[in-house]
Amino acid sequence: MERLEGEARDRVRAASLWLVVAVVLVFVAWGLWAVHAGSAEVTTVPSEVVAVSDDGRVVTVELVHGACQDPLGLAVDEGRGAVVLTARVVERTPPSGSACPSRLVVSRVSVVLDEPLGDRALRTAPADPQDS
């Protein structure tokens, strides 16, 4: 910077300062997100098959979960004789100073199978025993 003079030196200093400020803001935002989001706990919940498409590729299930849980999707285990669907939810932390309502929510989730269902049995996995 010794070779830079006047306005050029000021511009380099200002750009460096803005870069430092941007990096600090990114880390502050990430820290706030980490504190707010916390570690997400994933659990399985009861589900029931409600529809299978005509071609046997798309399966829709209803799952029952708490008001502070968001559907994460279905884990699919496709075997030769059966397809097992496991409904998963992620726990959502309520805003500070509030609690989760004690009500159940019914959601529908669909999944596309790798192969058509055909003659294979279609089952849903039970909920996690520790959640019962």
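**Strand pairing, a disulfide and a nonpolar surface patch**

Thr-43 stands opposite Val-89 in strand S5, where strands (E, at least two residues) and helices (H or I, at least four) are DSSP runs numbered from the N terminus. The structure is a predicted model, in which local features need pLDDT of at least 70 and side-chain atom pairs count only at pLDDT 80 or more, whereas totals for chains, interfaces and linings use all residues. Residues are numbered from 1 along each chain as its sequence is written, and side-chain values use heavy atoms, with hydrogens and water left out.

Strand S5 spans residues 82-91 and is mostly covered, with seven of its ten residues buried; buried denotes under 20% relative accessible area, exposed over 50%, and partly exposed the range in between, for a 1.4 Å probe and protein chains only. Two strands are taken to pair if DSSP finds at least two bridges between them. By this criterion, strand S1 (residues 42-45) pairs with S5 in the antiparallel sense over four bridges. Strand S4 (residues 69-78) also runs antiparallel to S5, to which it is joined by nine bridges, and in S5 the bridge partner of Pro-71 is Val-89. S4 and S5 form a hairpin, with three residues between them. Strand S7 (residues 121-124), by contrast, runs parallel to S5 and is joined to it by four bridges; here Ala-82 stands opposite Ala-121 in S7. In a regular strand, the side chains alternate between the two faces of the sheet.

A search of the whole structure finds one disulfide, defined as a pair of cysteine sulfur atoms within 2.5 Å. This disulfide joins Cys-68 to Cys-100, with an S to S distance of 1.8 Å, and the link is left-handed, with -110 degrees about the S-S bond. The pair links distant parts of the chain, 32 residues apart, since Cys-68 lies in the loop between strand S3 (58-66) and S4, and Cys-100 in the loop between S5 and strand S6 (104-112). Cys-68 is buried, with a relative accessible area of 9%, whereas Cys-100 is partly exposed, at 33%.

On the surface, Leu-19, Val-23, Phe-27, Trp-30 and Trp-33 form a nonpolar patch with about 630 Å² of accessible area together. Patches are made of residues with over 30% relative accessible area and no salt bridge, nonpolar side chains (Val, Leu, Ile, Met, Phe, Trp, Tyr) being joined within 5 Å and like charges within 9 Å; a salt bridge is a side-chain nitrogen of Lys or Arg within 4 Å of a carboxyl oxygen of Asp or Glu. Accessible areas come from the Shrake-Rupley method with a 1.4 Å probe, and for residues only the protein chains shown count as cover. Trp-33 is found in helix H1 (residues 6-37) and counts as exposed because its relative accessibility is 56%.
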